[in-house]
Amino acid sequence: HKHRETLPCALSIAMFYDKHASACRRLLLVSVLLKCCAAFLTENHDDEGSLCLVQSKSQRYYTIGSASKSDDARAQIGCTGGLGTSLPSNDLSSEGQNFWPNKNGNINCSGASPFQSNVDVSKGPSWSFKDETASIVSSHPCVDDDMNLYLIHRNGKLRKFSHGGQLLWTNTVNHEASQGNGQFAMSGPALMNGLIYLGTADGFVTSVNMSNGATHWRVKVAKSAGGDSWSVTAHAGMVLVSMRGDEWQAGLPIDFGGNDLVVALDGSGGEILWRWRVPNSRMVYNFLGSVVDDPPSLLLSTSEGRPYRVRLCDGATLWEGPLPEGPPGYGASFSSGGLVVAPNSWAYVTSNVQWQDAKVGVLSAYKVETGELMWSRQQTSLTGNAPSVGTLGSTDRLSVVIGVGDSPGLPPLLSSPGAADGGAPVALYSQLVAFDATTGEPTGWQYTPQPHRKAFAEGDAFPDHICLPDTWSNGAIDGAGTYYVGHMSGNLFSIRDANGDGIIDEAAGEVSKYYGGRSYQGSPGIAPGMLAGTPCDGLHVFIENEKA
């Protein structure tokens with residue numbers, strides 16, 4: 001009894017020999033004891049004495065963890081197996097064949113899909129949806145195994161649409177909880193086991209039935225969460241959300257977002273399994289959690305670009321990686337980028353550094369197993385989106401694509417939309433660049449759109465149309481090697497190296513775009529013969545062989 005938190009076997013043995021225990025209870029305890037023995041023999045202990053149990057026949061593992069968790073709260077949280085093999089970046093089987101279950105499309109958040117969309121965005125969407133209340137969309141679409149789509153607005157309204165655009169249901173539980181606040185912050189959603197999960201700025205996590213839109217559960221897990229574009233991670237029965245601890249201090253009169261806490265929940269009932277605090281008063285911004293194997297773990301990066309690996313069974317930190325490297329005399333700076341994992345078992349992080357009187361972006365590569373920094377590549381301007389990793393065009397080379405550029409600001413109250421302070425013309429520059437995933441060298445694949453001639457994102461306006469996106473949304477790569485991405489100009493771009501020369505030639509038709517009047521957050525969603533984009537005012541769906 002004295003060591004029940006660190007020696008669950010001792011407790012089980014004592015209960016087994018309890019003469020008052022029932023036969024059924026003793027049979028259950030035999031199972032627990034056998035698992036304990038197997039775990040001790042394979043040395044599956046963490047440094048604090050909690051115990052991760054491996055069930056070899058089903059290749060699933062469970063956590064006993066601390067004594068505060070009941071047996072019913074032991075969540076199935078991952079698959080054992082070799083890293084990058086059982087959970088590759090295009091794996092969909094673990095989430096029930098949902099085509100785009102979360103931001104960046106898969107549990108590694110690589111942004112790559114094995115499916116070809118085969119759409120021409122320049123012909124316009126097959127159908128679109130805009131919220132009549134003009135609430136902001138700052139998230140990604142989700143696509144399930146029946147090609148249905150899910151869309152969340154910042155006012156808390158969650159909607160499900162059929163492949164053809166029919167509205168199937170609307171869930172308003174979080175909209176009602178917001179008490180009419182049209183900018184009630186919502187996380188990006190995630191699909192798992194017939195449920196859709198999302199978080200809110202008031203510290204709640206909600207689970208909704210994907211079939212009928214009924215609220216499955218809604219639980220309070222923290223005091224609050226940031227209003228940035230963070231996303232839910234859901235995999236193998238576990239839900240991970242980014243929240244704020246009780247000691248959070250924004251540090252600014254206006255709260256621009258950010259969180260310092262990761263909370264893990266049992267996806268079936270919403271019970272909290274563990275909490276992980278970002279070390280040393282750091283924060284995550286636009287939280288994007290990638291799941292890897294061996295052991296099943298969560299990878300994430302802070303707003304300064306420092307990566308972490310956290311074990312799923314108990315929330316223990318496996319490693320803390322170094323900050324990205326910059327030019328001589330550089331210092332870490334804020335970024336809204338993120339971390340993704342590729343099939344080569346490397347993680348890629350976008351971040352920014354302060355150098356002299358300017359801030360510049362950095363792309364860095366880390367080994368997933370150890371957190372070792374493999375290389376860092378300084379950019380010409382800021383990074384604000386997470387990387388996408390996949391094969392581009394007809395080549396087999398694994399590439400990392402990032403967007404860089406000048407960030408749009410808040411819309412003006414009185415000044416001219418095309419002029420900056422003092423009346424000078426505005427020109428916000430941006431670029432897409434691809435790098436070899438192994439060496440970090442530029443591949444020659446790049447695209448530079450025309451400068452954006454407004455100091456703010458397209459469509460942003462006071463008082464209730466402020467989306468405040470980054471220069472680029474997160475990108476997505478389909479099975480044909482086509483790269484899709486939204487832009488501050490209100491354009492959704494489709495870029496493909498059709499002739500395989502490694503260079504993007506707009507004059508040769510390798511770039512197409514659709515202008516919808518509003519900028520983009522989140523990432524486009526891909527499914528077979530379909531592309532879904534979420535501008536700041538709704539949803540555009542492009543279907544193969546269909547046009548507007």
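**Close-up views of a predicted model**

**Figure 1. R377 and E441 form a salt bridge in which the closest N and O atoms are 3.4 Å apart.** The model shown here and in the following figures is predicted. R377 belongs to strand β24 (residues 373–378), whereas E441 is found in the loop between β27 and β28, so the pair ties together parts that are 64 residues apart in sequence. Which class of accessibility does R377 have? R377 counts as partly exposed, because its relative accessibility is 22%. E441 is likewise described as partly exposed, with a relative accessible area of 42%. Side chains of opposite charge can pair when their charged atoms come close.

**Figure 2. A salt bridge joins the side chains of R306 and E320 (3.5 Å, N to O).** This pair links distant parts of the chain, with R306 in the loop between β17 and β18 and E320 in strand β19 (residues 317–320), 14 residues apart. R306 has a relative accessible area of 12% and is therefore buried. E320, with a relative accessible area of 39%, is partly exposed. Through salt bridges that share partners, R282, R306 and E320 are joined into one network.

**Figure 3. D202 and R218 meet in a salt bridge, with the closest N and O atoms 3.4 Å apart.** D202 sits in the loop between β9 and β10 (204–209) and R218 in strand β11 (residues 215–220); the pair links distant parts of the chain, 16 residues apart. Is D202 buried or exposed? Its relative accessible area is 19%, so D202 is buried, given that buried means under 20%. R218 is partly exposed, at 25% relative accessibility. The count of salt bridges in the model comes to nine.

**Figure 4. The largest nonpolar core of the model has 35 residues.** V241, M243, W274 and L300 are the residues with the most contacts inside this core. Elements that give two or more residues to the core include β9 (195–199), β13 (238–243), β14 (261–266), β15 (272–277) and β17 (297–301). Which residues does L300 touch, not counting those up to four places away in sequence? Among them are V262, W276, V284, F287, L288 and L339, as well as R306. A second, separate core has 26 residues, including V143, F161, A476 and I543. In soluble globular proteins, nonpolar side chains tend to be buried together.

**Figure 5. L492 is a buried residue of the model, with 0% relative accessibility.** L492 lies in strand β31 (residues 491–495). The C-alpha atoms of L492 and S512 are separated by 8.5 Å, and the two residues are 20 residues apart along the chain. Leaving aside residues up to four places away in sequence, L492 touches S512 and K513, and also Y514, Y520, L531 and F542, among others.

**Figure 6. N104 has a positive phi, near 70°, although it is not a glycine.** N104 is located in the loop between β2 (60–63) and β3 (127–130). Because its relative accessibility is 0%, N104 counts as buried. Beyond four places in sequence, the residues that N104 touches include C109, S110, L288, V340, N474 and S523. S345 is also not a glycine and has a positive phi of about 65°. The loop between β21 (339–341) and β22 (346–355) holds S345. Most residues other than glycine have a negative phi, and most peptide bonds are trans.

**Figure 7. The peptide bonds from D294 to P295 and from F462 to P463 are cis.** For the bond that joins D294 and P295, omega is about -5°. P295 is placed in the loop between β16 (290–292) and β17. For the bond from F462 to P463, omega is near 0°. P463 is found in the loop between β28 (442–447) and β29 (476–477).

**Figure 8. A nonpolar patch on the surface is formed by F256, L410, L413, F462 and L468.** Together these residues have about 490 Å² of accessible area. L413 is situated in the loop between β26 (398–405) and β27 (430–436). Its relative accessibility is 69%, so L413 counts as exposed.

Figure 9. Over the protein chain, the mean pLDDT is 83, and 78% of the residues reach 70 or more.

Note on methods: Residues are numbered from 1 along each chain as its sequence is written. This is a predicted model: local features need pLDDT of at least 70, side-chain atom pairs count only at pLDDT 80 or more; totals for chains, interfaces and linings use all residues. Side-chain values use heavy atoms; hydrogens and water are left out. A nonpolar core is a set of buried Ala, Val, Leu, Ile, Met, Phe, Trp, Tyr and Cys residues joined through side-chain atoms within 4.5 Å. Buried means under 20% relative accessible area, exposed over 50%, partly exposed in between (1.4 Å probe, protein chains only). Helices (H or I, at least four residues) and strands (E, at least two) are DSSP runs, numbered from the N terminus. Contact means heavy atoms within 4.5 Å. Patches are made of residues with over 30% relative accessible area and no salt bridge: like charges are joined within 9 Å, nonpolar side chains (Val, Leu, Ile, Met, Phe, Trp, Tyr) within 5 Å. Accessible areas come from the Shrake-Rupley method with a 1.4 Å probe; for residues, only the protein chains shown count as cover. A salt bridge is a side-chain nitrogen of Lys or Arg within 4 Å of a carboxyl oxygen of Asp or Glu. pLDDT is the predictor's confidence in each residue, from 0 to 100.
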